[in-house]
Amino acid sequence: MLAEIKGLNEECGIFAVWGHKDAAQLAYYGLHSLQHRGQEGAGIVVKQNGRLIGKKGEGLVTEVFSAQSFAGLDGDAALGHVRYATAGGGGIENVQPLLFHSQNGSLALAHNGNLVNAHTLKHQLEMQGSIFQTTSDTEVLAHLMKRSGYRTMKEQMKSALTMLKGAYAFAVMTEDELLVALDPNGLRPLSLGQIGDAYCVASETCALDIVGAEFIRDIRPGELVSISSRGIESEQYAYAANPAICTMEYVYFSRPDSNIHGINVHAARKNMGRRLAIQAGIDADVVTGVPDSSISAAIGYAEQSGIPYEMGLIKNRYVGRTFIQPSQSLREQGVKMKLSPVRAIVEGKRVVMVDDSIVRGTTSKRIVTMLRDAGATEVHVCISSPPMKHPCFYGIDTSTHEELIAARHSVEEIRQMIGADTLTFLTVDNMLEAIGRPAINETCGQCLACFTGKYPTEIYPDTVLPHEKELIQK
């Protein structure tokens, strides 16, 4: 879809299974349920007769894999990945899992997140003779592991992980074991499940549900888990640092049927909508949400306010990807390809439009315009998160202040720019209360960097564009 009408995008999703005769099929279904986390590429590597083989391609899971694809993907362990390119760009070479072969065996690697010191490490490794096959920051881990000098894969991975900074959920599969690790801040979600005698690991619990796996627990920050014929072994490779799960997982990224650290995403979003209704106090006729991630918040808003919830906006689920590149004169139609107002619902009505966030502002402006063109007499925009004023370096595709309308304009200025009658953003405190995570430190166990500018890790200079460095330091 066009850059100016796209929403936020998160880097990827991981699904792995160990010890099941239908490992590849389970990985397929797991990745399909994680498709919302990345649509640019998908891949599966299986352990087959003591060796690793894989298939990957650009596109959706259903486009990459077919009945013929699975003809040769037999085995009792599999590692799968869906990708959205934030670091390193696109291209088939960057689609994961990355698969490496050496005299000492093979290694498949999948990653969710973004390393803030990847450029520094790549430069050091290249000076030492490493030759990178991809432009992805994920490959750094493989080089660090092989250069560690340790004998076992687990020791190699522990050594490499201590050199990484940023957000990462890693899954590494060899012929002998599956290794899973989460960064010391726990910025990305990662869950462990069990299906029969087999074990599964997934970026979201919805993927465990789809394959019939029982949720065991969340992977802990700074934890390294090994799954093999010996069973499950766990150890802390690093002290758990300032707990900082990405707040946008609750607001936007994760599926409503997923649970993150024991909190259901749908319930959290409904609570955000409830608090937003109290905060906004708007008199209106109907409440509608922007599909799909804002529906839960819109329902909560309606229940709290007593204003009826209606499907004022319909999402076209069959847009898909297209080879047709629209001319400049047709670019304004981009939103209409994805969303359509329901005139019978909004005509002559005062409408509360609930959305999860405003990033660049262009999409909000076009939706407001569509509602007015459909006959809405008033359009009140309510956002179930605070203004996004600061870039993210942990795997979300907003890495500069220029991309963020709230970094350059006040709420009133944004309201005028998008053409809304009123504009309300949920406050940070109300958002945290709605999610319901305990206040265990100043960030309440969540990363709020995109709202507050307080980053849970050091941000390396070569991660930031030159003109952005002074803003980040402030």
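Which way does H4 cross H5, right-handed or left-handed? H4 passes H5 in a right-handed crossing. Keep in mind that you're looking at a predicted model.

**The big picture**
- The protein is built with 16 helices and 23 strands.
- It has 474 residues, and 56% of them are buried.
- Take the contacts in the protein with a separation of 6 or more: 69% of them link residues 24 or more positions apart.

**H4 and H5**
- Helix H4 covers residues 139-146, and helix H5 covers residues 153-161.
- The two pack at an angle of about 120 degrees, and their axes are 8 Å apart.
- That angle is why H4 and H5 count as oblique to each other.
- Want to find the spot where they touch? On the H4 side, look for Leu141, Leu144 and Met145. On the H5 side, their partners are Met153, Gln156, Met157, Ala160 and Leu161.

**H3 and H4**
- H4 also packs with helix H3, which runs over residues 118-127.
- Here the angle is about 45 degrees and the axes are 10 Å apart.
- H3 and H4 are therefore oblique to each other.
- The handedness of this crossing is left-handed, whereas H4 passes H5 in a right-handed one.
- H3 brings Ala118, Leu121, Lys122 and Leu125 to the meeting, and H4 brings Val140, His143 and Leu144.
- Keep an eye on Leu144: this H4 residue takes part in the contacts with H3 and also in those with H5.

- Where does Cys392 sit? You'll find Cys392 in the loop between strand S21 (378-383) and helix H13 (411-418).
- Cys392 counts as buried because its relative accessibility is 11%, and the cut-off for buried is under 20%.
- Cys450 belongs to helix H15, residues 449-452.
- With a relative accessible area of 8%, Cys450 is buried too.
- Setting aside neighbours within four places in sequence, Cys450 is in contact with Met248, Pro387, Met388, Lys389 and His390.

Note on methods:
Residues numbered from 1 in each chain as written. Predicted model: local features only at pLDDT ≥ 70, side-chain atom pairs only at ≥ 80, totals over all residues. Heavy atoms only, no water. Helix = DSSP H or I, 4+ residues; strand = E, 2+ residues; numbered from the N terminus. Buried < 20%, exposed > 50% of the residue type's maximum accessible area, 1.4 Å probe, protein only. Contact = heavy atoms within 4.5 Å. Axes fitted to C-alpha atoms, helices over the stretch in contact; angles between N-to-C directions. Parallel < 35°, antiparallel > 145°, perpendicular 65-115°, else oblique. Left-handed = near helix turned anticlockwise from the far one by under 90°.
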